[in-house]
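Open the model in a viewer and keep a selection panel at hand.

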Amino acid sequence: MPTPPTAQPVILPLDSPPSFKAGLWAKVIGLAIASMLPIVVIGTGIYYFGSQAITRNALQSQQMGKQSLPEIRATEQQKNQLLTALLLGTGGLAIGTGTIVAYLAYRSLYSVMKAAAPTIEHETQTAMTAQIQSLTNAFQTINETLDRNDIFATTVTDIRKVLKVDRVIIYGLNDEAQEIVIAESVSPIWPQSLGAFIPDPCFKARYIEKYRNGRIKAIENINEANLSPCYIEQLESLKVKALLVAPIATGNQLIGLLIAHHCSAPRPWQPFEIHWFKQIATQVGFAFGKAQLQEEHSHLQQQSMIQVKWMQFFTKTVQALRAETDTAGIYKVAVQNVRQFLNIDRVIVYGLDEHSREVVIAESIGLGWPAAMSMKIHDPCFQAKYIEKYKGGRIKAIDNIYEAGLSPCYIEQLEILKVRALVVAPVITQGELVGLLIGHQCYSPRTWQDFEVQGFTQIATQVGFALDNISNADTSDPNMDIVLQGDKLERNDDTVYQISDWDEES
């Protein structure tokens, strides 16, 4: 049987993350400003000291009478124009210098930081790989255990630990595509959802195909994701603020959803988290499929062993039946062997007399259960409603008498014998119904397997063949033993249990 590949760490490329670009521009702007400052300082100094010098010269010339007031004002205006031109030139030079420095610095720093980026990326990837390694180990363990419960329990526990989220659950989908929480790992401070049944009439129509095709849903804040009010209400009941959803599938079958809940605050999901969450869900599907194949293989092996045991039992029982020379011996072999092989609490034979009264003529019973051997049950409806059906080969298997729609009086009779489940097959000899082979499960209800019902029926048929054999060897009435034993029972026990409806219609 091929083994699905286990999850292997995959390093995600870091393509110019925002922190890289922000750090680069911060350094470039800082260098540009630093290159401009000396020019600005020098230009400001020249403007200040030049202005002071011109002003002093003008005042001295005025005091000495060398210049008139209009001349002084003209000189002052020329001074201001000159100094303004100087200041503008200095500012332009500073801006130009800063721009050149910024460009050169960007190219130089970009090359340097780009060269250093692999180291930063490697460190990030190394930390990520260390986190995911525990999940890889977990999946290796899962592939060894091949148990569905272990697969789900390990998955939710390890994901919550690695991604540091408040809750991780698995929704298993039943036949109606309704979600049932089948596995959960949650922090003690948040509500539990394990076993919660959440019907969603829209899921099958709108989302099941999308998730089957690999849909991933990452919601950073449920209040900003345009979710339906009823969905938000469900999430709020679990205190969910952010969630991450990935499908779990095996082949084309969607078996569930892997869901991470963050409850303490909204959460921006990182690309590598979404990527790995999807990979984990995929691996869960592989592991589940492998476990399913193993279970099917084990089931086939078990069925094969059961068939071998059944054939051995059948051969042994048929040989024992044919070895008997009287009716009582045949019935004794039948009830004992069937009860032992099927491991049930009671097996009886109802023999039918000429008045259609069912008389218990053979019984094999486990310890602790009431005996039916002395019980005679009169059912006036049996001949009219069921004789022909059982003569035609009718089989009745009831897993739980309280869920089979039986009449109250019939249930009352079964409760006297503590019966919880039963199986009935006809005993026919020479075309006549001479009795019923009945198995009673008393300890609890029982789901009868197909091979059990078929085997039970085949033994009842073989009992009929054995009765045919002794009938052919004896010209006496083949039912004489039954009638005589029924008469004896009637004399020893006067109690008659009335049943208005022995059995319900099939």
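Begin with Thr250, which counts as buried because its relative accessibility is 17%, under the 20% limit for that class. The model is a predicted one. Thr250 is found in strand β5, residues 242-250. Show its surroundings: leaving aside residues up to four places away in sequence, Thr250 touches Ile255, Gly285, Phe288, Gly289 and Gln292.

Next, the nonpolar cores. Select Tyr331, Leu437, Ile459, Val463 and Leu467, the residues with the most contacts inside the largest nonpolar core, which has 33 residues. Two or more residues of this core come from each of α7, α8, β7 (346-352), β8 (357-365), β11 (421-429), β12 (432-441) and α12. Helix α12 gives the largest share, eight residues. Centre on Val463: beyond residues up to four places away in sequence, Val463 touches Leu321, Ile330, Tyr331, Ala334 and Val427. Another core, of 24 residues, lies apart from the largest one; its members include Ile248, Trp269, Val284 and Ala291. In soluble globular proteins, nonpolar side chains tend to be buried together.

Now turn to the cavities. To find the second largest cavity, select its lining: Trp310, Phe313, Val338, Phe341, Leu342, Glu452, Gly455, Phe456 and Ile459. Helices α7 (271-323), α8 (327-342) and α12 (450-473) each give two or more residues to this lining, with the largest share, four residues, from α12. By type, the lining has seven nonpolar residues, one polar and one charged.

- Arg148 and Glu295: their side chains meet in a salt bridge, 2.8 Å from N to O. Arg148 lies in helix α3 (residues 148-163) and Glu295 in helix α7, so this pair ties together parts 147 residues apart in sequence. Arg148 is partly exposed at 26% relative accessibility, and Glu295 is partly exposed at 36%.
- Glu273 and Arg267: the closest N and O atoms of this salt bridge are 2.6 Å apart. Both Glu273 and Arg267 are buried.
- Lys391 and Glu432: here the closest N and O atoms are 3.8 Å apart. The pair links Lys391 in helix α10 (residues 387-391) to Glu432 in strand β12, 41 residues apart. Lys391 counts as partly exposed at 27%, as does Glu432 at 45%.

Methods: Residues numbered from 1 in each chain as written. Predicted model: local features only at pLDDT ≥ 70, side-chain atom pairs only at ≥ 80, totals over all residues. Heavy atoms only, no water. 1 Å grid on protein atoms, 1.4 Å probe; cavity = no way out; pocket = protein on both sides within 12 Å on 5 of 7 lines; lining within 4 Å. Nonpolar A, V, L, I, M, F, W, Y, C, P; charged D, E, K, R; others polar. Core = buried A, V, L, I, M, F, W, Y, C linked by side-chain atoms within 4.5 Å. Buried < 20%, exposed > 50% of the residue type's maximum accessible area, 1.4 Å probe, protein only. Contact = heavy atoms within 4.5 Å. Salt bridge = Lys/Arg side-chain N within 4 Å of Asp/Glu carboxyl O.
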